[in-house]
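Hello,

Here is the structure I promised to send over. Have a look, then read my notes below.

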Amino acid sequence: MNIIVVKTEQEIGQKTGDLILNKVKENPKAVIGLATGSSPLSTYKYIIENSKKENVSWHDITTFNLDEYKGLSGIHNQSYRYFMTHNLFNHIDIQKENTFVPSGMIESDDEVKVYDEKIKNAGGIDIQLLGIGVNGHIGFNEPGTSFDSLTSVVDLTDQTIEANSRFFNDKSEVPTQAVSMGLKSIMNAKEIVLIAMGENKAKAIKELVTGEVSTDWPCTILQNHPKVTLIIDEKAASLLD
Ligand code: GLP
């Protein structure tokens, strides 16, 4: 595991953005896995600025997002589709039909199973961007999730609902379920880059790097992946030796 510790959020954006932009430059048809939350915002800002500056085209790139709240449509301002549209897709030349975010508006839980097939048919994910929850979740794979899980409907823990309530008017508005790529779906990516900022992520980062590999901390599964880079700030790294 490659661990890069930086000082500022801006540097996280720059280093992570460069990793992703290099994939796009190397292979204009690359498949990129994307994430939401506050952690990737500086990365998306950097990607937008530098795609313009360096004339990097996203026209033939395909993207797959990790997750979506169940019950929120893509026009709801807290949906992850909305987040991606406004924080990235509207500002690069990607074709919207090549951007995939799991649908939160499903009628049966079985509908979500096609997501992994779609990823496979696109050739698999070349690089997957990840954030991390304070409880070590990746995507919305909460503690206890099977390491063999594929994309499915998942229950959110109270801790996650509480943590994410800052984006909603009220905690009661936060959906209690989500559609998330599974841990196996994430591990299928050829390369993974995980970003984390702030002291509240320090424990999860310590578990990720040095903890026993266990479903109690879903992030520990990444110890079994051959190509992972962590790009984290000093606060998130503060419990590492
Ligand atoms: C949500 C998302 C995760 C994300 C996490 C951390 O729960 N489902 O994919 O990693 O939040 O978010 P933040 O970066 O805002 O701390």
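Please keep in mind that this is a predicted model.

I started with the packing around helix α1. Its buried residues pack against β1 (2–6), β2 (31–34), α2 (41–53), β6 (127–130), β9 (192–196) and β10 (228–233). The buried positions in α1 are Ile12, Gly13, Thr16, Gly17, Ile20, Leu21, Lys23 and Val24. The helix length checks out too. Helix α1 runs over residues 9–26, and at 1.5 Å a residue its 18 residues should span 26 Å. Its end C-alpha atoms are 26 Å apart, so the two agree.

Helix α7 (residues 202–210) also has a buried side. Ala202, Ala204, Ile205, Glu207 and Leu208 are buried there. Their cover includes β9 and β10.

Now Glu68, in strand β4 (residues 67–69). What is the nearest side chain of opposite charge to Glu68? It is Arg81, 6.2 Å away. Glu68 is buried but has no salt bridge; the cut-off for one is 4 Å. The backbone of Arg81 does reach Glu68: its nitrogen lies 3.0 Å from a polar atom of the Glu68 side chain. Beyond its neighbours within four places in sequence, Glu68 is in contact with Ser79, Tyr80, Arg81, Val101, Pro102, Ser103, Gly104, Ala178 and Val179.

Last, the annotation. An unreviewed UniProt entry gives "domain: Glucosamine/galactosamine-6-phosphate isomerase" for residues 12–225. Over that stretch the chain is 30% helix and 14% strand. The end C-alpha atoms of residues 12–225 are 21 Å apart.

Best wishes

Note on methods:
Residues numbered from 1 in each chain as written. Predicted model: local features only at pLDDT ≥ 70, side-chain atom pairs only at ≥ 80, totals over all residues. Heavy atoms only, no water. UniProt positions renumbered as here; feature names shortened; annotations may be inferred. Helix = DSSP H or I, 4+ residues; strand = E, 2+ residues; numbered from the N terminus. Buried < 20%, exposed > 50% of the residue type's maximum accessible area, 1.4 Å probe, protein only. Lys, Arg positive; Asp, Glu negative; His and termini not counted. Polar contact = N/O pair within 3.5 Å; in protein donor to acceptor, adjacent residues only side chain to side chain. Contact = heavy atoms within 4.5 Å. Expected span 1.5 Å × (residues − 1).
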